[in-house]
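Here is a short report on one structure. Please look at the sequence and the model first.

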There are 2 protein chains.
Amino acid sequence: MANLKEFKREQILNQGIQLMMMHGYHGTGVKLLLDTVNVPKGSFYSYFESKENFTAEAITHYIEPFITRLQSYLNNSELDGLAAIKTYFESLTQELENSDFKGGCLLGDLMGEIGGVSDVCRQALKTAINQYCTLLEQGLLSAQQQGIVRTDISPATMARLLFDAWQGALLHMKIEQSIIPLQRFTAELLDNYITN
Amino acid sequence: MANLKEFKREQILNQGIQLMMMHGYHGTGVKLLLDTVNVPKGSFYSYFESKENFTAEAITHYIEPFITRLQSYLNNSELDGLAAIKTYFESLTQELENSDFKGGCLLGDLMGEIGGVSDVCRQALKTAINQYCTLLEQGLLSAQQQGIVRTDISPATMARLLFDAWQGALLHMKIEQSIIPLQRFTAELLDNYITN
DNA sequence: CTTTTAAAAGCGACCGGTCGTCTTTTATTC
DNA sequence: GAATAAAAGACGACCGGTCGCTTTTAAAAG
């Protein structure tokens, strides 16, 4: 019973993520979202406190698989720190190409649309980004110790720079409908800039 | 007479830009926008064909002063190509700090929200970005010829990379409410990466 | 130079719908 | 039969867009 509810809850989150990646926060209506997962409109507020809170949860929910995925690459002992990061981003690039550049990144989209307005969502974004960057940091630190990545810049700084540049590349991808911005990110920053 | 209409038109565009930077495309209502500039609702469609078309024009209108501004830095003979670009970005950083990180960049926000949905706006964004990057390119080429910027990467590639990274940094700025991401952009990419 | 008339522009009420939220009713469980 | 949870539907506000009335402007006629 409680499991079914939890399942439905996750369904709403997943569907919300998909819709918001396409149409943004204000462009995604609660009613429409609920219809697609067969949940009555009146039930929404038994799952979530408000649309804003729902979105904050969606952000957290969205980043999870990316964290897991990056982590699994980093834990792969066959890959050094840099190779893990590079493989990770290349797999994302491949996926985006396969899905015809639909969506991009929920974080980037929401940062632009409501990051400056909704405190709740900004906090969720901040936490998500920090988790993500901390993971990148670990990989970069390993790569530094392995002598692959330059040591004159801190992993923390590099991780944030990479994150930002990747977000920008995703936006550019949407506009050009091409993975070239993503490939440029890999070639210039991963292969060139941070490498020893 | 026709001048007054042109003036009003520009007022709507400017106000629309401000509102959209804060609340995005779907978060900005036509009626509310018009009220703030004392234009009757019914008149909107004598100025613009639709909200979508209006937004495309706003994009073009938005980028203009940035183009002019960057151009003036590039034309300043006291500054080499790189110094011009750096000064330009630093002046933007200063401005954003003074305005408490309100808004950020309309291009970035709209790329995320409607770049993948509205063809009209995507085209406007594409053109705007290309103009902007072409200008950056010129500065980078000069700097290359002056021996300040590395020559193993094409100006075109560097310009796009810088643009994307800057957009990402602006998003991050919004979330952190801090100019640190912008300073990181300058320090790591302008001062370090592209420099000889 | 008036006066009359036609065309254009300006404008607010209003269209059908949808928004996020909340209250009320219905169904379920103990 | 009381307590709890779920769903229905209503709420006022607002959405982008349109329609036709009113005012203004310009041209034509006297």
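The sections below go from the model itself to the protein pairing, the DNA contacts and the salt bridges.

## The model and its conventions

This is a predicted model, in which local features need pLDDT of at least 70, side-chain atom pairs count only at pLDDT 80 or more, and totals for chains, interfaces and linings use all residues. Residues are numbered from 1 along each chain as its sequence is written, chains are lettered from A and ligands numbered from 1 in the order in which they are written, and side-chain values use heavy atoms, with hydrogens and water left out.

## Where the chains meet

Contact here means heavy atoms within 4.5 Å. By that rule, 41 residues of chain A touch 41 residues of chain B. The area buried between the two chains is about 3,500 Å². Carbon and sulfur atoms give 64% of this buried area. Asp164(A), Leu171(A) and Ile175(A) supply 18% of what chain A buries against chain B, more than any other three residues. Buried area is the accessible area (1.4 Å probe) that two parts lose on being put together, summed over both.

Two salt bridges link chain A and chain B. A salt bridge is a side-chain nitrogen of Lys or Arg within 4 Å of a carboxyl oxygen of Asp or Glu. One joins Asp164(A) to Arg184(B), with the closest N and O atoms 3.6 Å apart. Which helices of chain A give two or more residues to the side that touches chain B? They are H1 (2-23), H6 (106-114), H7 (119-145), H8 (155-176) and H9 (180-193). H8(A) gives the most, with 14 residues. Helices (H or I, at least four residues) are DSSP runs, numbered from the N terminus. This side of chain A holds 16 nonpolar, 13 polar and 12 charged residues. In these classes, Ala, Val, Leu, Ile, Met, Phe, Trp, Tyr, Cys and Pro count as nonpolar, Asp, Glu, Lys and Arg as charged, and the others, Gly among them, as polar.

## Around DNA strand C

A residue is near a strand if one of its heavy atoms lies within 4 Å of it. DNA strand C has 14 such residues around it, and the closest are Val30(A), Lys41(A), Tyr45(A), Lys51(A) and Pro40(B). By class, three are nonpolar, six polar and five charged.

Phosphate oxygens of DNA strand C meet several of these residues in polar contacts (N or O atoms within 3.5 Å). A polar side-chain atom of Tyr45(A) is 2.4 Å from one. For Lys51(A), a polar side-chain atom is 2.5 Å away. Val30(A) instead uses a backbone N or O atom, at 2.7 Å.

## Around DNA strand D

DNA strand D is surrounded by 11 residues; the closest are Ser43(A), Val30(B), Lys41(B), Tyr45(B) and Lys51(B). Of its atoms within 4 Å of the protein, 57% belong to sugar or phosphate, and the rest to bases.

A polar side-chain atom of Lys51(B) lies 2.5 Å from a phosphate oxygen of DNA strand D. For Ser43(A), a polar side-chain atom is 3.0 Å from a phosphate oxygen. A polar backbone atom of Val30(B) is 2.8 Å from a phosphate oxygen.

## Salt bridges overall

Over all chains, the whole structure has 20 salt bridges. One of them pairs Arg122(A) with Asp119(A), at 2.9 Å from N to O. Both residues lie in helix H7 of chain A, three residues apart, about one turn of the helix.

Definitions and conventions
A polar contact is a pair of N or O atoms within 3.5 Å; within protein, one must be able to donate a hydrogen and the other to accept it, and residues adjacent in sequence count only if both atoms are side-chain atoms.
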